[in-house]
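Here are my notes on this entry. Keep the structure open as you read, and check each point against it.

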Amino acid sequence: MSKGKHFVVPMVCVAAVHLVTFLSGFFAPYDYSEQDRHLPYAPPSTLHFRDAQGTWHWRPSVCALVERPEQFGVYEEDRTRCFPLAFFTRGYRYSAFWLIQSDRHLLAVTPPAKIFLLGSDGYGRDELSRLLYGGRLSLCAGLLAAASSVGLGLLLGTVAGYYGGWCDAIVMRCVELFLALPWLYLLFALRAFLPLHVSPSQAFLLLIAVLGIVGWARPARLIRGIVLSEKERTYVLAARMFGGSDFYLMHQHIAPRTYGLLLTQAALLVPQYILAEVTLSFLGLGVAEPVPSWGNMLAALQQYDVLVSYWWIWAPGFALFLVCINYWRLASAMQVAAEGTAHWQ
Amino acid sequence: MKYLAHRVLQSFFLLVGVSVLSFIFVELSPGNYFDEMRLDPRISSETVSRLRMQYGLDRPLPVRYARWLDSVAKGQFGFSFAYNAPVASLLWPRARNTLVLTGSATLLAWMIALPLGILSAARRNGLVDHATLLFTALLLAIPDLLLALGLLLFAVRTALLPAGGMMAVGSEEMGAWDQTKNLAIHMIGPVLVLVLACLPTLVRHTRAAMVDALNLPFARAARTHGISPRRILFRHAFPVALNPLISLFALSIGSLLSASLLTEVVFSWPGLGPLLLEAILGRDFYVVTGAVVLASVFLVCGTLLGDFLLIAVDPRIRMEKLA
Amino acid sequence: MPETHLLEVRGLTKTRTQGRWWQRQFEVCALDNVDLTLDAGQTLALVGQSGAGKTTLAMCLVGLEQPDDGDILFDGKSLLEPDRKRRVRPRQDIQLIFQDSSGALSPHMSAAQILEEPLLIRRQGNREDRRERALGAMQQVGLPLSWKNRRPHELSGGQRQRLAIARALVTEPRVLILDEALAGLDLSVQGQIVNLLIDLQIERSLSYLYITHDVELAARVADEVAILYQGRIVRRAPPETFMANARLASTVLGRSDASDLSLGAHMGA
């Protein structure tokens, strides 16, 4: 039971983050591309629980922002125009998991007030909404890419280990080749050799494919090791004697022994891939505007005044930190459960 | 000896494989440098095709590969369309700049990590140990990008450090000592980022390796014999822990060229990373290939060095591989 | 007049090569022109030192290894694939009980699942039929049905061999090969298993091929004893002959055992 304890907290945190971002349509007050040209780099909204007369309300209100004349980017609240927040209201349509269609949102406020819980970016877009939508993209990319890497590694590692001979030799040479390339450089090179200007959905799939190809080598080698020892077991021999085909032996007896390792590898790869996607998008090689990704949101920090003055633009970084720390703890817990001690790769 | 020759040969073939792989990717990729030119109505399509022929882009793949190999043999590493110069003339200065950064960072990181790791292992579960583990856990979770941006913010806010670049403007007029000081000041930010990025893994691995070595039966037996803890630590446990540490060191050496890409871009340090990025955005493929192959050379050499060191240091491996 | 034996082995030959392709190789003859016959209801013991080729023979009979030359006939029909080179087709009628009982049973499956596996692989019957036959086999070998969800590591060595025998019985075989199946069990347990096997033989008219290095065990259980020495059958006779000719037995198995240990280490029996 003490083993189980280490899993719970990171697992819950990771699941919570994923769930919230998947349902970003519900949690985000605005669409990710909805702009307000009058309110670039607005600071996070102040929530007022007392109205202009001083009465306490349970429902907070938000006041409209007005730009101070002659001063760019500095805002003042117009206390005469305050609007209460509405919860569970109807707004723009969105879909979650490509299946559920809805128009219910958690938070909304009547215009012209804007509820910028995390401020706004250079185009007046709500940072929180973009954080959620961007998170959906970055996290999804990481998950899917890790799944493809691990899946590809399982396939090639099992085939190489089971059949041996020249099949094994070829796969192992390829593994060495891919491991001889510096990871990040390979990623960049692969990305370089693919079309630069693609639509966001194509970019997303491209990213997943590229990340998947870059990372299959290490899982494949580890899985091959397991397959090599498992295929010599007497009970596998017995199953073959009963007439079991190669495929039966592989999927019934050998592959299940690799699942523990696969999960651990996946837990290690997901944060790496999320970071890779963020890096690529930060440098302009990943997902492009207007679709948000934590990477291209952080790219705004490369401008001097943004870096220094607008602290809320760092929000994706903080979210990234939370996600990474929980994934590392999850991977640690898995390794502890599997081997008794945690190694760092 | 046969083993070492075998390893060197294997590394060579690996590098050949890497270069072939790069070329195949170039072949498969849509678009090239001259596509941009084609869009420009002022440049006629004949000029474009003539340029393509001049650079040999219309030849089949094996011919291009052979010509590239020839260029490598001559020390040129292909041709850059954007800079109109041999790739090597771009690579070497940039690589040197990167190595200055990563070399210092790696040295510094190991100099901190080794004593810290050994100390943590020696006083397991003590205050130092817990603090180290906590600190490294936090550092591990912070992505490199955030570290770089954070330090840049610190540099800009406090004006203690320059906000990027390698040398101040007008540094050519300074004397040699001033130039060195200037360089050093500019290096502090990126080196700090790199050190903080790789420190946690190094410390944890060192600690783990030392703990494993100290738990071995012979170390425990040495304790009961009354040998002083310090002697056990350095004379007995450390040589055993050296084995995994050498592999880690080989990896450190191997990633000297490739670990600092992001940091260089954020700090505007003129290293290999920004060159690669620029070449990618400009579709200057020979530069990309050259940079990737160069970085792979380092990685492969690093692994090879690790193997050689292991044989030199660990008598068990020496016997196994050279017998 | 040639009689049709249940199982007949003719001139079976298998050589193994040791060493990688760039090293100097040397060949070891695991089986050298082996002839064997087994009739219905008969118990034949195959005796030999470690490395004589006994396990190789067993592997060839069940199709886990391919001989280089020779033939294996079951009920008069060859088991070798007609087209491909000497590939032995495994048959349900011939089953092998391995020596390593804990290794031969998957530790990740329950007893019932282990017993159902042969039927599952052959896709025989539906889930209820398989469960029924599995439980029936458990009863036949004397294992309580309440143990059907136990894992192999929860059973003792003798109980595991019973389970292995039950698994072999599920496919309704006619020949059971026991490759050192009783080694490593204490004598009382050995006795119990031997009695079980005798009962099963009477009930189902099985034929047994006992592979063992224990001459006394062979003498107890077998109708005939054959000696395999360096891949060749050198002697085949009823056990009484061996007991009478103790010198012969010790010559082949005793002193040669010690002097040929090094050679035995090379053979993969």
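1. Start with one pair of residues. Which residue in β8(C) is the bridge partner of Asp179(C)? The partner is Ile211(C). Bear in mind throughout that this is a predicted model.

2. Strand β7 of chain C covers residues 175–179, and strand β8 of chain C covers residues 207–212. The two pair in the parallel sense, over five bridges. In general, strands of a sheet pair through backbone hydrogen bonds, either parallel or antiparallel.

3. Step back to the whole sheet. Six strands of chain C form an open sheet, in the order β6-β7-β8-β3-β9-β10. The pairing is mixed. Which strands sit at the edges? They are β6 (94–97) and β10 (232–237) of chain C, and each pairs on one side only. From one strand to the next, the twist averages 20°.

4. A helix belongs in this picture too. Helix α1 of chain C, residues 54–61, lies across β3 (43–47), β6, β7, β8 and β9 (224–229) of chain C. Relative to β7(C), helix α1 of chain C runs at about 150°.

5. Next, chain C as a whole. Its secondary structure comes to ten helices and ten strands. The chain has 269 residues, and 39% of them are buried. Take the contacts in chain C between residues at least 6 apart in sequence: 68% of these join residues at least 24 apart.

6. Chain C also touches chain A. The contact takes 13 residues from chain A and 15 residues from chain C. On the chain A side, α8 (234–241) and α9 (246–254) are the elements that give two or more residues. The most comes from α8(A), with seven residues. By class, this side of chain A has seven nonpolar, four polar and two charged residues.

7. Chain A meets chain B as well. Here 41 residues come from chain B and 34 residues from chain A. Several helices of chain B supply at least two residues each, among them α1 (2–28), α8 (176–215) and α13 (285–313). Which one gives the largest share of the chain B side? That is α1(B), with eight residues. The chain B side divides into 30 nonpolar, nine polar and two charged residues.

8. Last, the domains of chain A. The assignment gives domain 1 (45–115) and domain 2 (132–344). Taken over C-alpha atoms, the centres of these two domains of chain A are separated by 40 Å.

Methods:
Residues are numbered from 1 along each chain as its sequence is written. Chains are lettered from A and ligands numbered from 1 in the order in which they are written. This is a predicted model: local features need pLDDT of at least 70, side-chain atom pairs count only at pLDDT 80 or more; totals for chains, interfaces and linings use all residues. Two residues are in contact if their C-beta atoms, placed from the backbone, lie within 7 Å. Helices (H or I, at least four residues) and strands (E, at least two) are DSSP runs, numbered from the N terminus. Ala, Val, Leu, Ile, Met, Phe, Trp, Tyr, Cys and Pro count as nonpolar, Asp, Glu, Lys and Arg as charged, and the others, Gly among them, as polar. Two strands pair if DSSP finds at least two bridges between them. Axes are lines fitted to C-alpha atoms, for helices over the stretch in contact, and angles run from 0 to 180 degrees between N-to-C directions. A residue is buried if 20 or more other C-beta atoms lie within 10 Å of its own, exposed if 12 or fewer, and partly exposed in between; C-beta atoms are placed from the backbone. Domain bounds come from an automatic or database domain assignment.
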